[in-house]
Structures are given as structure tokens and as C-alpha cells.
Amino acid sequence: MAKLTPMMEQYIKIKAEYKDAFLFYRLGDFYEMFYDDAINAARELEITLTKRAGGKSDSIPMCGVPYHSAEGYIKTLIEKGYKVAICEQVEDPKTAKGVVKREVVQLITPGTVMESNMLKEGENNYIASLSQFKDGTHAVAYNDLSTGENRIALISHGWDAVIHELYNQPIREIVISSNLPDELQGQLKERLGITLSYQDEVTFNAEYRSLSENLNDERLMKAFSRLLNYIQHTQKRSLDHLQKAEVIQLQDYLSLDMYSKRNLELTETIIKKGKHGSLLWVLDKTATAMGSRMLKKWLERPLLNRKQIEERLQIVDGLYHGFMERDTLREILKSVYDMERLAGRIAFGNVNARDLIQLKQSLQKIPELKNTLYQFNLPEINRLADELIMPEHLVQVLDASLVDDPPVSIKEGAIIKDGYNQQLDTYRYASKNGKQWIAELEQKEKKETNIKSLKIGYNRVFGYYIEVTKANLHLLPEGRYERKQTLTNAERYITPELKEKETLILEAEEKSVDLEYILFLEIREKIKNHIPELQHLADTVSKIDVLQGFATVSEANNYKRPRFVEGKLTIKNGRHPVIEQVMKQGSFVPNDVSLDEETRVLLITGPNMSGKSTYMRQLALTVIMGQIGCFVPCDEADLIIFDQIFTRIGAADDLVSGQSTFMVEMLEAKHAIANATDQSLILLDEIGRGTSTYDGMALAQAIVEYIHHNIHAKTLFSTHYHELTALEESLSSLKNVHVRAEEHEGNVVFLHQIKEGAADQSYGIHVAKLAELPDALIERATAILQQLESDDKPAPITEKIESGQLSFFVDDAKAVKEKQPVNRSNGSVIEELANMNLFEMTPMEAMNELHRLQKSIKK
Ligand code: ADP
Ligand code: MG
């Protein structure tokens, strides 16, 4: 390899320290990247890859982005989960000897960005850390640098529980030990899409003490210190605005595993991954970004404590009924800025005067907000209002010091009010006075010389001057003026007097700009001392905002306040909160749910597309809405407080982790069975679908039985295996319900109504007909069905079975397979259809085959 230039040597040395980041290497007006960085950046940023001569024969891949437009490129990389190290020239290239000295001045990472254009308004941006301990526990610490929030949880149920905890939270980056096994690292990175960072050495610094008062466990301390160590070492940032770490006791919240978070589409939809169509989308009637972030947190962690739930409901109730006052409240909230992030930026030192004016305006709203809350006249709401304490002193400082409409820059003056600082006033007076004197001088000179067009001007190079047009030069008296500059048709002059005043004015102006900057920093510093107050205020305002949002959405969508009772759940005319919003008004068919100790398991049958899944999801969503303190979509509800919700719904493959639908189904079922208690809610939607009929049916039956006998959780179980409805006879707490459909002139009409008892038939072929499969094919399918139904097929074993006996089914299945009817006399499509081994196919494969067959006869 040819010898590298000294500059490239410097590059390689710096790059070695930032292996996992793109190194933006400053070269004149560009940030350049080389080697693999260049190849990857060219791909990710869609910029041109060039080459640079690296020595005699080698050429080095290179690409670059202009310095002045780098921000957009950095943002793109950060959003894709990369890190960017900014390497600047730290000495003047003109005076440097040899290679210009360069240093990394900032490492920008997804979890540590503070720039508002890289943050989403209504969303937290967490950097987390993870520590694994020998006793099998894990500790996870979360920090949002933009708000200063710190939270820590101890997870004692092994690695899976860690993944469930981290899933679906806005975590952009996680700090781990490089000793964490590769496989686990891979899961964090690939399955959860989180950027990994490493901090091996963990030390507890004395300055963390005030932040960690609440942490009484060494394991929590370890995770927290890992996080703070990383932030300090890599970001070189002050930790001033960080809040006291709050311990999340996971057992205090309704636990939702990752499957449920995903399947229930709480904050984002499965397919489009967006907020639109999620429960959050329906419920988010908050007026501030702070409120929107808090709502999302509440949705992730519904409550278990009845008193806390009732308190929220009580407030929502009050806000619901005082709709005039609520309107006022919303209007006030709309004019409150994001105080939480403002506080973060004040501490971090990147606020300008405009931000502080926003802070002032927000703080000035507090008394009005407080008064409006008192008007509801409810003890619970009064208590919230009491929490709102306006830092009077701060508002005074801000009001006395800053002009109402300051410029963006804090270094060019025009931000401090007259009368705030005496010295500043003196400078301003001097400058104003000087300018006044000059204006008067202009008048005087005009008069004395009798030159009407004489004027006094100013430019940066020559300062103040007297300008006389060439035509008038003969009118000037001798010797009084000194010529300074000649223009095409005018001459410019100065006088000693003018220069003297000029010095005074310029000095005063320069000093006043400098002083304004100093004063601004002082003001910022003063506010910094009040950050905990501001944070508390922001927290209370967010809470009020979420609760008024609940009241607003409850009124708009006609939700009702749930009652919480022991042991018996009854919902009258319940609805699906999201589907009813996307359907034509009034077309959603409401349904009742009733579960208690006698009826713990509902076995739901009914044709495809009739509303089984919808019914199950709407129950789970109703439970969650109730436990976050919101009213619920129904006419009346008595709810039970559930400790956990487990779901097996939908057919979204966990493609990233490379698991098949069926494997995911089984994992989700296992997860429910391993963790559910008699206080839990389990939703199992058409389990066993991903495998052959008898296999699937056997598993489905065994799972229901197991839950019924051993777990006692409230369970909704939908199935397309009609045979399972016979279980009602053997399982005392299981009840059959079905979704009603009617046959009308050979077509099915879905009524979406849940009725007692089992569905009488499957209607699968009717759905195929609705999908407009060819008539001949439908006829043939009907014939096959009749034949199959006339064959002896195994009814489910209704006495209690032991797991070992399941092999029965497999043998029977084989027997049926062997006598499958085949008809070769018709056209090739019919023949192919006849030859299809349905028992070996998943529904998806069957669908694909049908599609292929249909296509072949359509053309
Ligand atoms: P299944 O699980 O029985 O196949 P789904 O629950 O997926 O059926 O429902 C299919 C479609 O039927 C839904 O997307 C929705 O449009 C409609 N639907 C379901 N339940 C109702 C209802 N209660 N009222 C009105 N439409 C409904
Ligand atoms: Mg379904």
C-alpha cells in the first residue's frame, strides 16, 4: 500500500476512536467521509461517491456534504439510527504549520439529540441503558435528555421480559456492556431497531447522588450510572437539568406483553406503523405536546390501583360535565408552550430570548388556568389546581428584562428592555445622544454651507462622513473638512469633531451589545435555578391536558364512566373505539359482554368476517381505557381490574426474527400460559390456524382446557373449529357464543351481533362466493365439503384429556387424508383443486392457490 498523506493519517487516527459513527471530517467548506464511511454514506444519503488519490497508486472512496447544509444530512443519518461524529478544524488553517489540527467536537447520536428539528413534538426520545446481573435480573434505565426525565425499572422475569418491556417505547439508543451475549445484542438491534452503544466501565460519581436518592437497590444504581457515565463521557454535557430518577414498579401497572402492545394497536398500527388508526389516534385530544407525550406513557402503563383509577375518572367526570369551562381550559392550554423541553434546553444552555419569551407567556397563563380549574368546583380538580404554582419571581424577571419580540440571535443586542440595567441605559443614551448630535450637525452644516443636498452618512469602513456632490464642492469653506473618499459624483469628508462623536457612539454600541449578552446569560442562569419548579409545573399541566382530553373524547364519542367491581364484568352495548370511528356514523353494531366466576371462558364461533376479532379487541381496549382513567365506549360498564392482558390476535408474522406465523402463535400462547393469573385477561383468536386442521384443533382444545382448569383467567377464545363448541358440556365455566349471520337467497348477511350458543355452520364457502370465485369452483367446493362432512370425522374428546392422548388426532387425521376424494375427469382447474391437500396447507397457502387457479381461468 502506498504511503498515506499526513492528512489521511490524521483522519485514520481520529476515525479509530469513532468506529461506530460516521466521521464528518471538516475540510474547507465540506465535511468529507472516506473509505467505508464514504461508501455507506453515499448509499444512505444518496450522494455521489468519488475517489481521492491516497498516495501513488491507491485511490480512496470519498464523499462529502457542504458545511452549510450538513444539518439535513445529519438528521437523515440520525433518523436511520446512525451516529455522527463532527470533526472540526480547531486551529486557523492560514496560520497552521503542517496539517491543520482537528478534533471531534460533538458526537450526535439518536438517543441524545436535543435539536428541536430532530425531535418529534408529541413523542419522547429515550436513551436507555441495560444491565444484566448474575441473579438473572435486569435493570433498565431510561433518560430523555430533552425533558430531563429519568426512570428505572428492575425486571426479574428474565430476558423475554426485558424485550417485552422495551418493545414499542420510543427508545432510540441503548447503552449496554460489550459482554452482553451477541444473540441478545442482535435482538435489541434487529427486533427492536434500537441503536447500540457501549459503556463497559461503570462508576458512580458523587454528582449523581442527588439524582439517585430514590434508588435503594444497587442494581438500579448500576444501570443508572451506566447511562450517566455514557452521557457524560460521550456528550460532554452538563447534567444540570436531569430530574431525580423515578423507580417504575412494574407490578403497579397493568402488564401488556409486546404481542398485546402490537396486536391491540395501542399507539401504532401493525401494518403502517403509524398513529393513524391506533387507540392513541382516537384518544389524543390533548392541546399541548407535553400532554400528548404523557398520554402515550399512560397508554403504555395502565394502572392497577383502584384508588388512582377512580381519582382520574372523577376528574374526567368533572371536566366532562363542565363543558363551558372545559372549552376555556382547552383554549388556555393551546397557548402554553412545551415548558418541559424549554426547561431542558435552558439547562443545556441552548435557548435564545425568543424561547424565554415563550416561557414567560406560558407561565403567565398559569393563574388563568388555575382559576378555570377552581370553577369546576370539585375537590380532585382543586387539588390539581393547587399544584399549579406560578413562579411569580421568574415572570417578573423575564418581564422586566426581555423585550417582547426579540431577534433569534443572542449576540447582536436588541433583546434587553430599557430600564432593566443602568449601565446598559447609559450606553444606549450615549449612542442615542451621539446620533442626535449628528442629526443636528447635519442641519447646521447645511445651513452654513448653503448646500441643500449635503448629508451625513455611515458605513462600516469609513464610519461617519459628510457627503457633498461634486457640483456643490465650490461652496465648501477651505480647511474645515478632511477628504476621506471620492465617489464618481461626490466627495466624502470627515471632521475631528465628527470622529470624536463617532468613537463615542461606536464604543457605546459595542459595549451595549456585549453587555446585553452578559445580561442574557445572567437571566438564563437565574431561571436555571428554578428548573425543578418548571418541571413540576410542566408535569401538572400535562396531566390536566391528558385528563381534559379524556373528557373531550368521551363527550365527543359518547363514552360512559365505568364502575369497578369485584369478580364480575358486564358491558352493555360495547363498541370498538377505533373501528366505530372509521365506519359510517351509527353503523357499528354494539354488543354486550358478560364474564364472571361461573362464565370465565367465552368460546366464540361464527363465519369469517363476521366480527369475532373485533369483539375480542374491543373488550381489551375497553379494559385498557378504563384502567388509564378514561370513559369507555358502551352504554354501561362494570369492569374488573385486570393485572395483565395477553393476546393472540391477527396474523402478522414476526418476519424480522424469522419466525413463522405458527411459531409466533405458539410463542404468544406459551407466553400467556406461563404468565397469566386468575386476574388476567386472555384473548386467543383462532389459535391453531397456522397448522393442519387436526393438529391445530387438538392444540386449540388443549389450550382452552389448560386455561380453564389451571389458570382461571377470564378468556375469550374464537375458533373456526366448530367441533370445539362441544366443550361447553365438559368445561363448566365455558360458554358458547356466536356471531350471528343470516343466509339470504344463498348469500350470507353479517349482522355482527353476538348471541348465546354455537354457530350452526361455517359459511367459509359463502365468503369465497362473496370474493367472486368462479361458480364452478364454488360448486365443487360445496361437493367436497358435503363429502367430508359425511365422512366419519373425529368429534372432540369431551372428557378431560391428558396431554399424552393428543396423538389420537394425528392418527385420525392420517386416516382421513388417505381417503380424500379425487376427481380427475373434469377440466384441469377442477382436477388441481381436487388434488389439493388441504390438510397440509396454511390458510395463506390455500388463498394463494385459489388465487392462482382463479387467474388461470380468468384469462
Ligand atoms: P372475524 O374475526 O370474524 O373474521 P372481524 O372481527 O375481523 O371478523 O371483522 C370483519 C369486519 O367486519 C371488520 O373489519 C368490520 O368492518 C366489520 N365488523 C366487525 N364487527 C362489527 C360490528 N360490531 N359492527 C359493524 N361492523 C363490524
Ligand atoms: Mg378474525
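This is a predicted model: local features need pLDDT of at least 70, side-chain atom pairs count only at pLDDT 80 or more; totals for chains, interfaces and linings use all residues.
**Entry 1: a parallel pair**

S18 pairs with strand S22, residues 636–639, in the parallel sense, and I counted 2 bridges between them. Which residue of S22 stands opposite Arg 563? I found Asp 638 there.

Next I wanted the whole sheet around this pair. The sheet is open and has 4 strands, in the order S18-S22-S19-S20. I noted its pairing as mixed. At the edges I found S18, residues 563–564, and S20, residues 591–595, each of which pairs on one side only.

Then I checked what packs here. Helix H21 lies across S18, S19 (569–574), S20 and S22. Its direction runs at about 70° to S20.

**Entry 2: the ligand**

Which helix gives the most residues to the shell around ligand 1? I found helix H21, residues 612–627, with 3 residues.

I then listed the shell itself. There are 13 residues around ligand 1, and the closest are Val 589, Met 609, Lys 612, Ser 613 and Thr 614. By class, I sorted the shell into 5 nonpolar residues, 7 polar and 1 charged.

For the polar contacts, I went through the oxygen atoms of ligand 1, and here is what I wrote down:

- A polar backbone atom of Met 609 is 2.7 Å from an oxygen atom of ligand 1.
- For Gly 611, a backbone N or O atom lies 3.0 Å from an oxygen atom of the ligand.
- With Ser 613 the side chain takes part: one of its N or O atoms is 2.7 Å from an oxygen atom of ligand 1.

How much of the accessible area of ligand 1 does the protein cover? I noted 79% of the 560 Å² that the ligand has on its own.

**Entry 3: an antiparallel sheet**

S16 and S17, residues 490–494, run antiparallel and are joined by 4 bridges. Across that pair, Glu 482 has Ile 494 of S17 as its bridge partner.

**Entry 4: strand S26 and its two partners**

Last, I followed strand S26, residues 734–744. Strand S21, residues 601–605, runs parallel to S26, with 5 bridges between them. In S26 I found Val 737 as the bridge partner of Ile 604.

In which sense does S26 pair with strand S27, parallel or antiparallel? I read it as antiparallel, over 8 bridges, with S27 spanning residues 747–756. There, Val 739 has Ile 754 of S27 as its bridge partner.

Notes. Residues are numbered from 1 along each chain as its sequence is written. Chains are lettered from A and ligands numbered from 1 in the order in which they are written. Side-chain values use heavy atoms; hydrogens and water are left out. Two strands pair if DSSP finds at least two bridges between them. A residue is near a molecule or strand if one of its heavy atoms lies within 4 Å of it. A polar contact is a pair of N or O atoms within 3.5 Å; within protein, one must be able to donate a hydrogen and the other to accept it, and residues adjacent in sequence count only if both atoms are side-chain atoms. Accessible areas come from the Shrake-Rupley method with a 1.4 Å probe; for residues, only the protein chains shown count as cover. Ala, Val, Leu, Ile, Met, Phe, Trp, Tyr, Cys and Pro count as nonpolar, Asp, Glu, Lys and Arg as charged, and the others, Gly among them, as polar. Contact means heavy atoms within 4.5 Å. Axes are lines fitted to C-alpha atoms, for helices over the stretch in contact, and angles run from 0 to 180 degrees between N-to-C directions.
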